[in-house]
Amino acid sequence: MKIRAGVTRMAGGLRQQAGEVLRPTRPLPAPTLRMWYFDAALAFVLAAIAVRSVELQQQRGMVAFPSPDGGMVVYPAMSSGASISSLVLAMLASATLVLRRRYPLLVFWIVLVSTLRLDNAPTVLFFTVIIAAYTAAAYSPYRTAAIGSLMLAAVIVASTLRSTLPQIPNALGPFLILLPIAWVASTMRSWKQQAADSLARLRAVEAGQERATREAVELERARIARELHDVVTHNVSVMVVQAGAARKVMDAEPEQATQALLAVEASGRTAMAELRQVMGLLTSAASGADGADCGLDGEAKLTPQPDLDQLEALVGRVRGTGVPVTLTFTGTPQPLPPGVGLAAYRVVQEALTNTVKHAVGASAQVTVDYEAQRLRLEIADTGGVPREPAAAGNRRGLIGLRERLAVYGGSLEAARRPTGGFRVTAVIPLEAQ
């Protein structure tokens with residue numbers, strides 16, 4: 001039983017090794033029409049030279065005998081059957097090269113066996129064997145079998161059939177030495193060039209990836225900056241206004257000062273909640289472990305992003321700064337995707353913040369128009385004088401809003417009104433939402 005099991009394992013190992021040898025390592029290249037023409041012409045020329053060489057060798061094998069009338073009679077030194085077989089072998093060894101790209105290994109063995117079967121193979125068949133061997137190594141999909149065939153052929157030729165090796169003419173010696181050297185050198189140069197090109201392409205791809213990464217990081221930083229600007233600017237502006245009002249009336253009207261300070265506290269809480277939301281989005285990967293953290297006011301760390309439903313609260317905070325604001329909704333309200341709702345909220349927030357900072361004494365009108373295929377926002381004020389701490393603006397908020405709306409195919413226009421004041425108009429398409 002042990003012997004049978006050992007034999008079974010050995011047979012299985014041999015089958016596995018045979019399968020590895022016979023498994024194609026690459027697909028067989030498909031020869032083009034030009035390759036077929038070239039191989040056909042090559043096979044025809046080599047076959048003609050081989051047949052002619054065999055005929056010349058047979059003519060040199062003739063013998064002459066004296067005839068009864070005093071002349072000479074010429075007789076062939078070999079039989080006609082041997083002559084026909086030599087011609088057939090020479091033809092077979094050369095003509096099969098027409099199929100060398102289609103059946104590389106089979107053609108190699110046909111050429112080799114046919115050449116070795118000739119008693120005195122012509123030199124041209126030696127080159128035919130070299131061409132067939134090169135084709136087997138270069139084109140055969142069975143790499144292991146091809147290498148093994150070449151090694152086996154070399155052993156057979158070198159050990160058992162030394163007398164059949166052709167004599168190379170002295171005139172061909174330099175070519176047989178220099179041409180292979182030139183071919184090897186050219187091949188190595190091509191490989192080095194390909195390796196250099198591949199390395200250059202790899203470096204270009206890596207540079208492109210690094211550039212894309214830097215651009216993505218810059219875009220993300222710009223997005224974070226816009227978000228922080230939208231969150232902080234409005235609430236801080238409201239807090240500054242309310243704190244200033246409280247300072248002015250603290251001694252004369254303590255109750256109004258208290259109301260102003262409560263508004264400051266409410267704005268601060270709102271700012272903290274929105275900042276927590278932004279920070280939570282930036283650290284979402286780590287928020288799972290400490291997602292139960294709470295802020296100073298006991299609320300959860302993450303709160304929903306604001307949208308148009310929170311406009312009443314926003315307008316109420318602005319009214320608390322002393323700016324009269326009118327909020328109007330027209331059309332049929334419809335649910336908006338979170339990104340669109342947040343962008344619309346930020347437009348109103350930024351416009352009202354600019355009114356608080358740059359138009360003291362003005363009143364504002366906010367109109368939200370739900371149209372069939374778009375959402376239109378208009379925020380206009382009647383004009384006023386800038387506050388001293390914010391006498392000049394860099395319009396960074398408006399630029400960020402344009403970039404934010406462009407993501408959704410929207411647009412934003414901001415310009416002075418002919419009758420005085422400032423108007424901000426935003427349009428966001430809804431048909432693709």
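The exercises below, each with a worked solution, concern a predicted model.

Residues are numbered from 1 along each chain as its sequence is written. Local features need pLDDT of at least 70 and side-chain atom pairs count only at pLDDT 80 or more, while totals for chains, interfaces and linings use all residues, and side-chain values use heavy atoms, with hydrogens and water left out.

**Exercise 1.** State how many helices and strands the protein has, and what share of its residues is buried.

Solution. Taking buried as under 20% relative accessible area, exposed as over 50% and partly exposed as in between (1.4 Å probe, protein chains only), buried residues make up 31% of the 433 residues.

**Exercise 2.** Describe the largest nonpolar core and the elements that supply it.

Solution. Such a core is a set of buried Ala, Val, Leu, Ile, Met, Phe, Trp, Tyr and Cys residues joined through side-chain atoms within 4.5 Å. The largest has 34 residues, and those with the most contacts inside it are Val 347, Leu 352, Val 368, Leu 377 and Leu 412. Next, the elements that each supply at least two residues include helix H9 (311-319), helix H10 (338-358) and strand S5 (374-381), and H10 gives the most, with 9 residues. Turning to Leu 377, and not counting residues up to four places away in sequence, its contacts (heavy atoms within 4.5 Å) include Val 347, Val 368 and Val 424. Finally, a second, separate core of 26 residues includes Ala 43, Leu 105, Leu 118 and Val 157.

**Exercise 3.** Decide whether Thr 355 is buried or exposed, and list its contacts.

Solution. Thr 355 lies in helix H10. Thr 355 counts as buried because its relative accessibility is 3%. Leaving aside neighbours within four places in sequence, Thr 355 is in contact with Val 323, Val 360, Ala 364 and Asp 381.

**Exercise 4.** Compare the span of helix H5 with its expected value, and name some of its buried residues.

Solution. The expected span is 1.5 Å times one less than the number of residues. Helix H5 (residues 123-139) has 17 residues and reaches 25 Å from its first C-alpha to its last, close to the expected 24 Å. Among its buried residues are Val 124, Leu 125, Val 129 and Tyr 139.

**Exercise 5.** Locate Phe 44 and determine whether it is buried or exposed.

Solution. Phe 44 belongs to helix H2 (residues 33-60). With a relative accessible area of 63%, Phe 44 is exposed.

Notes: Helix = DSSP H or I, 4+ residues; strand = E, 2+ residues; numbered from the N terminus.
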